[in-house]
Amino acid sequence: MPLDTSTYNLALLRVDGRRWNELRRINAQIRTQAAADGSSYLEMGHTKVMCVVTGPSEPGPRRGGVVGSAGGAGGGGGQSKDAEVVVNIVIAGFSSVDRKRRGRGDKRTLEMQSTVANALAASLHIHLFPHSQINVSLHVLSQDGSLLAALINAATLACVDAGIPMTDYVAACTAGSTSTYAANDESADPLLDMNHQEEQELPGLTVATMGDSDRVVALVCESRVQISRLEGMLVVGVDGCKQVREILDRVVREKGRRMIDEGTVEKGTGLNDMDVD
Amino acid sequence: MASPCATSAPEAALGVLPRSDGSAKYSHAGYTVTASVNGPIEAQRKDENPYEAFVDVIVRPAAGVGGTRERHLESILQSSLSHIILIKNFPRCLIQIVLQIEDTPENDYVNTKLVQASLNFAIMPALFQTAVLALLSAGVPMRATAAATAVAVVPQDGVKKTVVDPSPRDIEIAQSVHVLAFTSHGELLLAESEGDFTVKEWDGIYETAKKTCCHSTPAKDGMEMVLDEEASAGPDMRHFLRSTMESKVAADLYWK
Amino acid sequence: MPREVEPSLNEKQFVLQALQENLRLDGREIDQYRPLELTFGDQYGVADVTLGKTRVLAKASAEVTVPYTDRPLDGIFTIATELSPMTSPAFELNRPTETEVLLSRLLEKTVRRSNALDTESLCLIAGQKCWSVRVDVHVLSHDGNLIDAACFAVVAALRHFRKPDTSMEGGVLTVYTPAEREPVPLSWLHSPFCITWSFFGDQGEIALLDATWVEEQIRVASCTISLNRHGEICQIAKLGGTPVDAVALLQCSGVALTKAKEFSTYLDGKLAEDTKKRNKGGLLAELSAENDR
């Protein structure tokens, strides 16, 4: 079903009624699984992901390939001077409309695993945990665009919950452009946070930045687009990442405040600098 | 295109790949094969043999995925190469030979099925020679060098003709196809046959193949101008391997 | 399986310090490629690409088959990238490593998803018969920058490739052998090229093109940009790694465009040269239509 982009120019509203620079509603929780070292649940619009982090721990027996791991130079589990980040993504069959069966060897999933692992490894202080492994397992419950961004955000939150030292949040979001590559439309507006329908029809990219800096951890573009539009999309994307970071930060602080209120943690144990009001 | 090099002399180059222990590229009768040899290296647990080295041969077709035929060729090569490599010298080790087929003569009269690559005996000599050259280039100790040749018995105008290095067309109509390999000492190392043939025919094939592989006297006497391109093209395979090595060594030591 | 040899600490520091002084071990400029060489085989659709010591062989082939049921109007186009132990003993057959998965995904996105090959033109009878075009990528030697070399080889092999001619008469499909009719080129829409930047330093502030194997082992991040000479980006992949300033990435994409144009010109030249060599009689008119776009 082609997306009707003609109405955009009239009302400057997108198919779901957002304006060009609006994110979808992001709803996130941390510490959702009591048994895990770190866990999170994140919704970006209708994209819903769950993340569980185990570790840093002793590396278990190695199975199959090493796709989706980062860190440990050479990847020789347990022999490296850095901790190895191993990401495993499970996409539930019911997560999208077409109920496509994806095997374990699906290259798209493997690529996403590797991207999330390498993006996290950039922020986590993996050099503090030699000979160990950080296991990140991500479950996709519902897909509606910006999947990679949601995965990165959820993984970041779960790592914060697990208490693994990290430089800053790795926040991600997508950006697109209002007309397809075929239309040589220079005035095309950039769009922030694309949903599934927009992703199918319009060129877009996923950006992940380190904290609120302009430094790009991951940049993935999978569609054909004129090089002149890259700048606009990247600017909007980086700006979106800053907004996402604020939201993630709020979630973490809110949880921290509640935990103090409930008496789970004492105020002042490692939360000195936290502004609790 | 009819393969233009079908009648030309064999060509070989050693050390063509910079990152493997030894490598060789060989082309003859329309076949081009590149081989790399790594070894002796650490063997995987399942391949480890406490008494001798494991010789791993991998044949990779130019297009499409390999199937049972490739596995068959691999096992033939593996067992015959294990006999000339001094495998007892390297217990618990692996000698890995990867043979990448680059070019095979095409049959212009048939549209081939490509996704399932199907190799046949005609490519064996090329694979064998490349493997031996690559092993020499890697400096893997060997008892002797060896050379292989393919011979087909093709019925032509009611007469059975022995063809050395048969073309794909010959293979198609051949009654039997044989691959024979001889060591540099003239010992028969490998004999594989396909199709029906008589013992008498086989004797003839054996003689022809031996002449191609290790003709003891230089082919100057001119009396054996059999219908084989090898003899007319010059020295036999054993001399070819030797001269290839000699020129490589000379090139490497030019500064001396 | 044996692991790759890692560069020693001294080696790492030497390379890094040299890079900080704008020097590379092989004396190249930071945005300079190693000499790129392309040779076509005797057959159609064989491209042998050498980039320094990296060598990739791509072979295109085609056969008639049944299209997928969910895409009855499209032909089948696959790119097979299996890294054999020939590349390095660290690679095993039937066990894809991360390098292999990423390479195959990049080629897939660059060449297949960007519609470089018009798959609809491969359809012969809707829902029943179509061409299945397959490119096999063989990495003979890996000395860094596999992605750029492999992508170039795939594009070159496909543009050089000729598939057997066919005709439809009264619902009967005839596929002609090369002896009956001269094979025809594929319907090719645009030629994308991969350009890979490697980043070095704590902040990823040093960027260079066409990293060698040693440089690749030391780099902190990489970004592969695929584009054609019309300035259309087909794919960007900076899959994690040390963060790099957004402005620097934009500059990289600009340089990548000029490199892609250079590749494009080089490939066009090579193809024209090869066509001239093969031209027999009145074939030229048929073959020259290929480069229009």
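Modeller: Gladly! Let's begin with aromatic rings: those of Phe, Tyr and Trp (its six-membered ring) pair if their centres lie within 6.5 Å. Keep in mind that this is a predicted model. By that rule there are eight aromatic pairs over all chains.

Colleague: How is the pair of B:Phe182 and B:Tyr206 arranged, and what are the values?

Modeller: A pair of aromatic rings is described by the distance of the centres and the angle of the planes. Here the centres of B:Phe182 and B:Tyr206 are 5.5 Å apart and the planes stand at 65 degrees, so the pair is edge-to-face. B:Phe182 belongs to strand 8 of chain B and B:Tyr206 to helix 4 (residues 199–214) of chain B, so the pair ties together parts 24 residues apart in sequence.

Colleague: Is B:Phe182 buried or exposed?

Modeller: B:Phe182 is buried, with a relative accessible area of 1%, while B:Tyr206 is partly exposed at 22%.

Colleague: Now the sheet, please. In what order do the four strands of the open sheet in chain B come?

Modeller: Strands of a sheet pair through backbone hydrogen bonds, either parallel or antiparallel. In chain B the order is 7-6-8-9, with antiparallel pairing. Strand 7 (159–164) and strand 9 (188–195) of chain B each have a single partner strand, so they stand at the edges. The twist averages 15 degrees from one strand to the next.

Colleague: How many bridges join strand 6 of chain B to strand 7 of chain B?

Modeller: Six bridges join them. As for B:Val151, its bridge partner in strand 7 of chain B is B:Val164.

Key:
Residues numbered from 1 in each chain as written. Chains lettered and ligands numbered in written order. Predicted model: local features only at pLDDT ≥ 70, side-chain atom pairs only at ≥ 80, totals over all residues. Heavy atoms only, no water. Pairing = 2+ DSSP bridges. Helix = DSSP H or I, 4+ residues; strand = E, 2+ residues; numbered from the N terminus. Axes fitted to C-alpha atoms, helices over the stretch in contact; angles between N-to-C directions. Phe/Tyr/Trp six-rings, centres within 6.5 Å; stacked < 30°, edge-to-face > 60°. Buried < 20%, exposed > 50% of the residue type's maximum accessible area, 1.4 Å probe, protein only.
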